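User: Could you take a close look at the strand pairing in one part of this model, and at the helix packing that goes with such a description? I'd like the cut-offs along the way, please.

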Amino acid sequence: MAKKLSPSDFRYETGPSRVPWTAVGEAIRLNETQKVLEFLMPPADGRASEYRRRLARVARELKGLAEVSGHATKLSLGRNVKELEAETARFLGCKHVSFLTNATAGFEIALRYANIGPGDEVIAPAITFIATIAWPLAVGAKVVLADVDPRTINMDPADVARKITPRTRAIIPVHIGGYPVDMAPIMALARRHDLVVVEDAAHAFGGSYRGRMLGTIGHFGAYSFHEVKNITSFGEGGVLVTNLPIGARLSQARFLGLDLSRKIPNWLYDVVALEGKRGPFACNNSSSTEIQALVLREQLKRLPRIIARRRRAAEYLSARLAGVAGVITPPLDSARIRSTHHLYLLRVDPERLGADVQIFKQKLSARGVTNIPHFGPLYKFSVLRQLGYDTAAMQAGCPQAENVFSRQFTHLPLYDFTQAQLKYMADAVIESVAEMKAGR
Ligand SMILES: Cc1ncc(COP(=O)(O)O)c(C=O)c1O
């Protein structure tokens, strides 16, 4: 019996046929499966020969499995992507979710919706990863940097207010390290000036602010599942969310604007521009794979435990460092705010220690404590100078960012440590600070 197809099935499901066509050109077979396994689970140091013996056993079992298996018929944008999106929407309590190649692609879709182009201004925090402003730079919009709140190194809403002009079109708050930006004043400014707010929630999947999940408070939010994040979709991946009506079209926005909802006469499917805030916008391709979605669906189940473990590590560090003069610990969770504890923001007070964070970082490294590569202020990057920005003026406009970056803060890792490693890290901080106070 012919299967009932929805119009959007046209790409791959051609129905019963005497000469069938499968979507996947060359399915993943035994060799690829074993290579993936070896890639994900390489031999541990010094255990190569035992590894090879055990792998040979697994390879025999895989061969047996292959004898009774069919092959994959869908590798891109299939059931797992759909299920992941539904699960994510439930978890976040938002209407529309799209799984993408990465968070940067999510910002792009949101800013295409805002019709950002040359002459428009977009406000972003001075301290973030370059991905936050990649799309405004690419289309020749003007990036305006807001100064940061030194307690969190997040965007300072008061400075955002000072930097709004008649040309401002969008604000991109970034929840650095998973700690929530103070979103209420940002959203009030957006309402007053009719601006689009795109939350850079790359670090913030699972955190909340006043009872709402981070990333769902602005008009759009994008999360990253790159391999260094709290959970990953096999190395790369992102999710874009929105509650705006455009959300019903997010799957089109992800795939070049193909209109798969209409009946397709004679295989001529339509390609459309979507309706942006100020006019139509064309779409790019940021489609993601079934395997990435499958992996992320499993990692999602572990997320609450991962965040809880990170929170306990942060609480331990803060408790150990609480009374240490010259060390400033970050704000932790409260009744109104829950971080994802992606990074631990540690500050030193150079006035009390007689030396700044550059010396502190050297002392930690000498003790074998990793300083996570962290975010330099954007005005220090060549790309801005090359594009004609007056970076000296930008720096002068962000005095807190400059001070906190060059003199005060570092990020410590929080996961996945034993209690002994955490204790070692806290001891290393305390000893380093003692040396600095003693002028050593
Ligand atoms: C603050 C911030 N924003 C955006 C991104 C970009 O995420 P993705 O690599 O998924 O595009 C990152 C990635 O590290 C990030 O740290």
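Analyst: Happy to! Two strands pair if DSSP finds at least two bridges between them. The model is predicted, so local features need pLDDT of at least 70 and side-chain atom pairs count only at pLDDT 80 or more, while totals for chains, interfaces and linings use all residues. Residue numbers start from 1 along each chain as its sequence is written.

Let's begin with the sheet. It is open and has three strands, in the order β16-β18-β19, with antiparallel pairing (strands are DSSP runs of E, at least two residues, and helices are runs of H or I, at least four, numbered from the N terminus). At the edges are β16, residues 327–328, and β19, residues 409–412, each of which pairs on one side only. Strand β18 covers residues 344–348 and pairs with β19 in the antiparallel sense over four bridges.

A helix joins the picture here. Helix α11, residues 357–366, lies across β18 and β19 and runs at about 25° to β19 (axes are lines fitted to C-alpha atoms, for helices over the stretch in contact, with angles from 0 to 180 degrees between N-to-C directions).

For helix against helix, look at α1 (residues 30–40) and α2 (residues 48–67), which pack at an angle of about 140° with axes 10 Å apart. On the α1 side, Leu30, Thr33 and Gln34 meet Ala59, Leu62, Lys63 and Ala66 of α2, where contact means C-beta atoms, placed from the backbone, within 7 Å.

Key
Contact = placed C-beta atoms within 7 Å.
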